[in-house]
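This briefing sets out the fold, the surface and selected residues of one protein chain. Please consult the sequence and the structure alongside the text.

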Amino acid sequence: MFTPNGDGINDLMFVGAEHMESFHFLLLDMSSNNIVFETRNPAFKWDGTLPDGTRIARGTYVYIILAK
């Protein structure tokens, strides 16, 4: 479970797919149907912040991983 609340437990989201030929990760906010986070870097570690530095709101999110 990803809980980016700063308590040091499960604060980073990552997949561990460094050896993939191709990789695309998307995180969608189910309430607004918007992409919250997106990367093509298989070694990403995301801390739950938006591009403006604010933390994502508590809610329901879905992630999609396309990898080869």
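Beyond its neighbours within four places in sequence, Tyr-61 is in contact with Leu-27, Leu-28, Asp-29, Met-30, Val-36 and Ile-56. Tyr-61 belongs to strand β3, which covers residues 61-67. The model is predicted, and its mean pLDDT over the protein chain is 91.

- With residues up to four places away in sequence left out, Leu-66 touches Ser-22, Phe-23 and His-24.
- The C-alpha atoms of Leu-66 and Arg-40 lie 9.4 Å apart, and the two residues are 26 apart in sequence.

**Fold and dimensions**

- The protein chain contains three strands and zero helices, in the order β-β-β along the sequence.
- The radius of gyration of the protein chain is 12 Å, which agrees with the value near 11 Å that a compact globule of 68 residues would have.
- The C-alpha trace extends over about 30 × 30 × 20 Å along its principal axes.
- Of the contacts between residues at least 6 apart in sequence, 52% join residues at least 24 apart.

**Burial, surface and charge**

- Buried residues account for 26% of the 68 residues in the protein chain.
- The protein chain has an accessible surface of about 4900 Å², and carbon and sulfur atoms contribute 54% of that surface.

- Most residues other than glycine have a negative phi.
- Asn-10 is not a glycine, yet it has a positive phi of about 55 degrees.
- Asn-10 sits in the segment before β1 and counts as partly exposed, because its relative accessibility is 41%.
- Asn-33 also has a positive phi, of about 60 degrees, although it is not a glycine.
- Asn-33 is located in the loop between β1 and β2.
- The relative accessible area of Asn-33 is 63%, so this residue is exposed, the cut-off being over 50%.

**Phe-14 in the segment before β1**

- Phe-14 is part of the segment before β1.
- Phe-14 touches Phe-44 and Lys-45, when residues up to four places away in sequence are not counted.
- Phe-14 and Ala-57 are separated by 43 residues in sequence and by 19 Å in space, C-alpha to C-alpha.

**Confidence of the prediction**

- In the protein chain, 100% of the residues reach a pLDDT of 70 or more.
- Among the elements, strand β1 (residues 23-29) has the highest mean pLDDT, at 96.
- Strand β2 (residues 34-39) has the lowest mean pLDDT among the elements, at 94.

Note on methods
Residues are numbered from 1 along each chain as its sequence is written. This is a predicted model: local features need pLDDT of at least 70, side-chain atom pairs count only at pLDDT 80 or more; totals for chains, interfaces and linings use all residues. Side-chain values use heavy atoms; hydrogens and water are left out. Helices (H or I, at least four residues) and strands (E, at least two) are DSSP runs, numbered from the N terminus. The radius of gyration is taken over C-alpha atoms; the globule rule is 2.2 Å times the number of residues to the power 0.38. Buried means under 20% relative accessible area, exposed over 50%, partly exposed in between (1.4 Å probe, protein chains only). Contact means heavy atoms within 4.5 Å. Accessible areas come from the Shrake-Rupley method with a 1.4 Å probe; for residues, only the protein chains shown count as cover. pLDDT is the predictor's confidence in each residue, from 0 to 100.
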